[in-house]
Amino acid sequence: MTKHLADHRTASEGGRLQNFLRLERSQSATAPRSLHQRPHLRSDDNPRLQHYLRIERGLSDPE
């Protein structure tokens, strides 16, 4: 039994890889990388999170 015509894939010419490498090598690719690698700043505005962390640490009285 042969495959349907729609199931046959044509050979790739590497266009996806070429575009990926072009973006990686360009200067615009450094901005997302620097945003991804920056340290995550935590805020103390979330009281529920503070309570969960206090319980997890085994502290009985709130700070």
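Reader: Before we start, what counts as a helix or a strand here?

Author: Helices are DSSP runs of at least four residues in state H or I, strands are runs of at least two in state E, and the elements are numbered from the N terminus. This is a predicted model.

Reader: With that settled, how many helices and strands does the chain have?

Author: The chain contains three helices and zero strands. Read from the N terminus, the order of its elements is α-α-α.

Reader: What pLDDT does the chain average?

Author: The average pLDDT of the chain is 78, and 84% of the residues score at least 70.

Reader: And which elements have the lowest and the highest mean pLDDT?

Author: Helix H2, residues 30-37, has the lowest mean at 72, while helix H3, residues 47-57, has the highest at 86.

Reader: Let us stay with H3. How many of its residues are buried?

Author: Of the 11 residues of H3, one is buried, so the helix lies largely in the open.

Reader: Which side chain does Arg54 contact?

Author: The side chain of Arg54 makes a polar contact of 3.2 Å with the side chain of His51.

Reader: What caps the N-terminal end of H3?

Author: Asn46 does, with a side-chain oxygen placed 3.3 Å from the backbone nitrogen of Arg48.

Reader: And what comes just after H3?

Author: Gly58 follows there, and this residue takes a positive phi of about 85°.

Reader: Changing topic, how much of the whole chain counts as buried?

Author: Of the chain's 63 residues, 3% count as buried. The accessible surface of the chain is about 7,000 Å², and carbon and sulfur atoms account for 53% of that area.

Reader: Now the other end. Where is His8 found?

Author: His8 belongs to the segment before helix H1, which spans 15-25. With a relative accessibility of 46%, His8 counts as partly exposed.

Reader: Which backbone oxygen lies 3.4 Å from the side chain of His8?

Author: The backbone oxygen of Lys3 lies at that distance from a polar atom of the His8 side chain.

Reader: What about Ser12, buried or exposed?

Author: Ser12 is exposed, because its relative accessible area is 68% and the exposed class begins over 50%. Ser12 also sits in the segment before H1.

Reader: What does the side chain of Ser12 reach?

Author: The Ser12 side chain reaches the backbone nitrogen of Gly14, at 3.1 Å.

Key:
Residues are numbered from 1 along each chain as its sequence is written. This is a predicted model: local features need pLDDT of at least 70, side-chain atom pairs count only at pLDDT 80 or more; totals for chains, interfaces and linings use all residues. Side-chain values use heavy atoms; hydrogens and water are left out. pLDDT is the predictor's confidence in each residue, from 0 to 100. Buried means under 20% relative accessible area, exposed over 50%, partly exposed in between (1.4 Å probe, protein chains only). A polar contact is a pair of N or O atoms within 3.5 Å; within protein, one must be able to donate a hydrogen and the other to accept it, and residues adjacent in sequence count only if both atoms are side-chain atoms. Accessible areas come from the Shrake-Rupley method with a 1.4 Å probe; for residues, only the protein chains shown count as cover.
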